[in-house]
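Please read it beside the sequence and the coordinates.

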Amino acid sequence: MTSTDVAEVHLSQADLFARRMEKDPILRSTIASVLVLDTEPRWPDLLDAFERTCRLVPRLRHVVAEIPLGLAPPRWLPAADFDLSWHVRRVGLPPPAELPSVLEFAGREIMTAFDPVRPLWTCTLLTGMSEGRAAVVLKIHHSLTDGIGAVRIAEQVLDLTRAGGDRPALAEPGAETRGTIAAVAAWHRAAVGGLLRRGPSAALATVGRAVTDPLGLARDATTLGRSLARMTRPVTTTLSPVMTRRGTGRRLEALRVPLADLTAAARRAGCTVNDVFVTAVLLGAHEYHRRHGAAIAALRLTMPISVRAPEDPPGGNRITLSRFTVRTEPDDVDAMARAVHRLIDHQRREPAIAWSPAVAAVLNRMPSAVPAAMLEHVDLVASNVPGSPVPLYLAGARVDAVYAFAPTLGTAFNVALVSHVGTCFIGLDVDTAAVPDAPVLRESMEYGFAAVT
């Protein structure tokens, strides 16, 4: 078994960080996606789609098994009694249901902890919507995958046509046969092997630079140290004077914006759609504070930065969390978008990003209060996941809307954008202790997106 195979058997340090955060229930790391369908999908085909996906993505059949004494990270093991019918279920909403009823159900799902003896995901088909429509709520734990990984998993479930297509048969999933001692030994061999492969060349390069460019080496070391300090420094107060409390209650809100409008705004400002999205979120937050009689000049933002490579499997977390302060004055929207672009570009170039696994490993060995202090006084999270530009179908039903609701990570709310067939679907996962009037926040976000478009 290669070191890559061993790494996939065990939780990565980022996966483990998402799991350990839940020692503080405010930091519960559950992702929920809502798909609104034009009709009710064919139930047997839906089951077949998930049965196939669970074979293509084995982690969907696995549970987390702890390693005694913490000698190695927990590992993924096949569930002893994997039962697809427990994970894929049907619920009838009182007809005629609309999107708010779906979001209410999804919000309860987000607030409900996973059963630790079962794989960390569920899919619920909701029927009873008006005009014969239906919805699917997919709930998945962040330790199992991240946003882009979830999109790749969804690609295995969805079709490009309503009729679907024939798919080749798949073999039965294999089982992890090694005992705990053998698993620990394999993990340490892989870790040591990686150090032996990278260590000598890195050491020689460092020695070479110490001789040929000692000032440059010292300068780069200082830059890296400062970058690591920015990544890990505790934050003790929120910048928002309004959204200060934190709790375990969640409410979901949703809105949509034409992708063409955001693209035109980005072209006008000379930046990216993501920059315009973040600008709109900040303008919405500014408007929310204005409605509460509070003036703010800046807010603290967490933004996931993907480090996922095309060859990476869909399971696991390949992200790092960047925290930074951004100004919110809406005097010139285009100038604000360009300032956001420069700031995000700087964050993506932070030297500490390459060291994210090592930072996560250190944090995983600290008391849970340490990461809580890093996250719970950040004001908000904004994340953008590219979706499909072409229509998609689920067991014969067309996907008309895709909303993602990512965890708040200790902030007041998380705003997640997913693009799908020319529309940006925006989901708000709101901490009701910080924002007791979530509909007002949604209206404020609508104001922010109108301002940029």
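The model is predicted, so local features need pLDDT of at least 70 and side-chain atom pairs count only at pLDDT 80 or more, while totals for chains, interfaces and linings use all residues. Residues are numbered from 1 along each chain as its sequence is written, and side-chain values use heavy atoms, with hydrogens and water left out.

**Chain.** The secondary structure comes to 14 helices and 14 strands; helices (H or I, at least four residues) and strands (E, at least two) are DSSP runs, numbered from the N terminus. Of the 453 residues, 51% are buried, where buried means under 20% relative accessible area, with a 1.4 Å probe and protein chains only. Among contacts (heavy atoms within 4.5 Å) with a separation of 6 or more, 78% are between residues 24 or more positions apart.

Seven of the eight residues of β6 (residues 134-141) are buried.

**Cores.** A nonpolar core is a set of buried Ala, Val, Leu, Ile, Met, Phe, Trp, Tyr and Cys residues joined through side-chain atoms within 4.5 Å. The largest such core has 46 residues, and F413, V435 and F449 have the most contacts inside it. Helix α10 (residues 273-291) gives the most to this core, with nine residues. Not counting residues up to four places away in sequence, F449 touches L255, V257, L262, F277, A280, V281 and I426. A second, separate core of 41 residues includes L16, V63, A404 and V418.

**Helix α11.** This helix (residues 333-348) has 16 residues and reaches 22 Å from its first C-alpha to its last, close to the expected 22 Å; the expected span is 1.5 Å times one less than the number of residues. Its buried residues include D334, M336, A337, V340, I344 and Q347. Seen down the axis, the buried residues of α11 fall within an arc of 150°, so they line one face of the helix; the arc is that of the directions from the helix axis to the C-beta atoms. Their cover includes α9 (259-269), α10, β8 (298-306) and β9 (319-327). At the N-terminal end, D332 caps α11 through a side-chain oxygen 3.2 Å from the backbone nitrogen of D334, a polar contact being a pair of N or O atoms within 3.5 Å, one able to donate a hydrogen and the other to accept it, with residues adjacent in sequence counted only if both atoms are side-chain atoms.

**Helix α3.** In α3 (residues 43-56), W43, L46, A49, F50, R52, T53 and C54 are buried. These buried residues pack against α4 (84-87), β4 (88-97), β5, α6 (147-157) and β11 (393-394).

**T411.** This residue is found in the loop between β12 (397-405) and β13 (413-420). T411 is buried, with a relative accessible area of 1%. A polar atom of its side chain lies 2.7 Å from the backbone oxygen of T408. Leaving aside neighbours within four places in sequence, T411 is in contact with R246, L375, V378, D379, L380, V381 and D431.

Conventions: Buried < 20%, exposed > 50% of the residue type's maximum accessible area, 1.4 Å probe, protein only.
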